[in-house]
Each structure stands twice: as structure tokens, then as C-alpha cells.
Amino acid sequence: TTDDSAVIVVISFYLAILLVLPIAVTREFFFFFQAEDGIRDAQESRGLGDVYKRQTSAPMSEKVIRGGAVTSADKHYSFTLCPFEYGIQRWELRSEWEFETCIHELGETGPDGSSNEQNCSDRAANAGVDPQEVAGYQQYCANLEDPEMRPGCLKHFSHKQEQAREHQLSTGLGIYDAAQSDLTKYWVFVDSGEPCSNGIRRQLNVTLVCGYTEHEPSNQTNARPAASRITSVRENGMCEYEMTLETPAACLRSSPELKNDL
């Protein structure tokens with residue numbers, strides 16, 4: 001009958017939704033996290049798989065990055081490169097730097113002969129913290145009418161404070177500029193945020209160098225594909241960085257047939 005046919009159509013419609021929806025959700029979920037690792041889509045990755053995943057360097061000294069002496073304690077930075085997305089510089093070992101800088105300023109002992117180690121340790125532990133903000137928030141939590149809410153209030157502030165300190169450690173070096181880049185030769189990242197003190201915007205230039213394995217870098221015939229890695233970073237003048245990325249992606253220039261192996 002007509003009613004039975006209508007019921008069958010409605011049931012079929014909902015069954016189709018139940019079957020297709022999980023597949024669609026799974027696909028979106030997969031591509032979202034794929035993009036987080038630096039691959040926007042299968043076409044742009046050019047079949048290179050892990051080659052284009054986000055890379056982070058080991059901490060490098062400021063002296064090495066700038067190619068010269070530093071005026072105080074040597075800072076250390078790590079660099080994260082997310083291909084086709086962004087580049088970031090992160091200040092590592094800040095507490096150690098704050099402590100060494102404090103000792104350099106105050107000396108190991110004070111005028112009375114007492115050690116400055118504890119004072120400098122406290123300064124390092126509280127680096128990046130606004131004392132007035134801390135005092136104000138502690139007072140706010142202490143004035144809450146319900147005493148049981150005060151520990152949670154302080155915990156929330158501590159978490160917020162830690163996030164703020166973590167944010168201070170990272171500096172964006174630029175967003176990927178496809179117009180200035182070449183997929184297998186060099187990538188350019190330009191910062192659109194606040195310019196440096198000299199009025200120049202930060203820029204990260206990445207040179208791609210062919211790399212297969214650490215043991216057989218020149219044997220292209222028997223080499224196995226290797227993950228990309230940041231091998232060097234230099235600050236070429238204020239706020240302009242030159243990075244070298246060893247990657248199989250660069251090998252496609254001389255051996256396009258290797259694309260299937262990667």
C-alpha cells in the first residue's frame with residue numbers, strides 16, 4: 001500500500017544516514033589531525049607522507065644562532081617548523097638563564113658575604129610573573145565568601161599564570177607564503193604580527209637539502225627514505241632567520257622517480 005511504501009522510504013533514509021555519518025565524521029577527524037601535523041591534504045603532500053610532518057630542533061645556543069658572542073648568559077632556543085603552516089621559536093631553559101643572569105648581576109655573594117643563590121633561584125622561579133597581578137588575584141580568592149571555593153580559585157589562577165608564562169616563551173617566525181616558495185627548493189614564512197624593534201617583520205627562509213639516511217646520504221640507489229630534520233638555524237640580521245631542512249622532499253629535484261619510494 002501507499003502507507004507501507006512511505007514507511008519503507010523513511011526507514012531506508014534513516015538507515016542511510018546511520019551508515020554514512022560515521023564514515024564522514026571519521027574522515028573529517030582524520031584530515032583534521034593530518035593537517036595538524038603539517039599536511040593540508042593528500043594533493044599538497046605529493047605522496048611524501050611523514051616527510052612533511054612537523055619538525056622540532058634540539059635546543060640551540062644563541063651564540064651559534066647569531067654567529068658571535070653574547071653579552072650575558074647564553075640563551076637557548078628550539079625551532080618548530082610545520083610545513084605549509086608556520087614556524088616558531090621557543091625559549092628553552094629559561095629558568096637556568098634567569099639564574100645565571102642573576103648571579104652575573106649580583107655576584108655569587110652579597111656585600112655581607114651571604115650567598116645570592118637563594119635570591120637568584122627565587123628570581124628564576126618567578127620570571128615572567130607580575131607580582132601585582134599575583135597579589136590582586138590572591139586577595140580576590142581570599143575574599144570569596146565560600147571558603148571551599150578558595151583552593152579552586154587559586155588553582156585556576158595558577159593554571160592561567162602558567163599558560164601566560166608558556167606563551168611568553170614562544171615567538172612566531174612567520175606564516176607559510178606559497179607565492180614566494182618552491183615546494184622542493186625553499187619555503188618562505190612571513191610574520192604578519194607585530195614587527196621587530198627595527199620595524200622589520202620576522203621572516204623565516206627554509207632551504208631544503210636532499211637527505212635519505214644518516215649513514216648513506218649520497219647513495220640514492222639503495223637509500224631508505226628518512227624523516228625530515230632541522231640541521232641548522234642562523235639569524236641573518238635582526239628578525240630574519242635562515243633554516244636548513246634535510247629532507248627527502250628536496251631529492252625529487254634530481255631524482256623524480258624516487259617519489260614512489262617516499
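Which residues is M243 in contact with, leaving aside its neighbours within four places in sequence? Contact here means heavy atoms within 4.5 Å. By that rule, M243 touches F79, L81, L204, N205, V206, T207, I230, S232 and V233.

The model is predicted: local features need pLDDT of at least 70, side-chain atom pairs count only at pLDDT 80 or more, and totals for chains, interfaces and linings use all residues. Residues are numbered from 1 along each chain as its sequence is written, and side-chain values use heavy atoms, with hydrogens and water left out.

M243 also belongs to the largest nonpolar core, which has 25 residues. A nonpolar core is a set of buried Ala, Val, Leu, Ile, Met, Phe, Trp, Tyr and Cys residues joined through side-chain atoms within 4.5 Å. Buried means under 20% relative accessible area, exposed over 50%, and partly exposed in between (1.4 Å probe, protein chains only). F79, L81, W187, L204, V206 and M243 have the most contacts inside this core. At least two of its residues come from each of β3 (76-82), β5, β6 (186-190), β7 (203-210), β8 (229-235) and β9 (240-247). Strands (E, at least two residues) and helices (H or I, at least four) are DSSP runs, numbered from the N terminus. A second, separate core has 6 residues, among them V134, C141, C153 and F157.

Helix α7 spans residues 150-169, 20 residues in total. From first C-alpha to last it reaches 29 Å, close to the 28 Å expected at 1.5 Å a residue; the expected span is 1.5 Å times one less than the number of residues. Its buried residues are C153, F157, R165 and L169. They fall within an arc of 155 degrees seen down the axis of α7, so they line one face. The arc is that of the directions from the helix axis to the C-beta atoms. Exposed K155 and H167 sit on the face turned away from the buried side. The cover over the buried residues includes β4 (86-92), α4 (94-106), α5 (117-125), α6 (131-142) and β5 (170-176).

The structure holds 3 disulfides, each a pair of cysteine sulfur atoms within 2.5 Å. C141 and C153 form one, with sulfur atoms 2.0 Å apart. The torsion about their S-S bond is -70 degrees, and the link is left-handed. This pair joins helix α6 to helix α7, 12 residues apart. Another disulfide joins C102 to C120, and both cysteines are buried. C196 and C239 are also linked.
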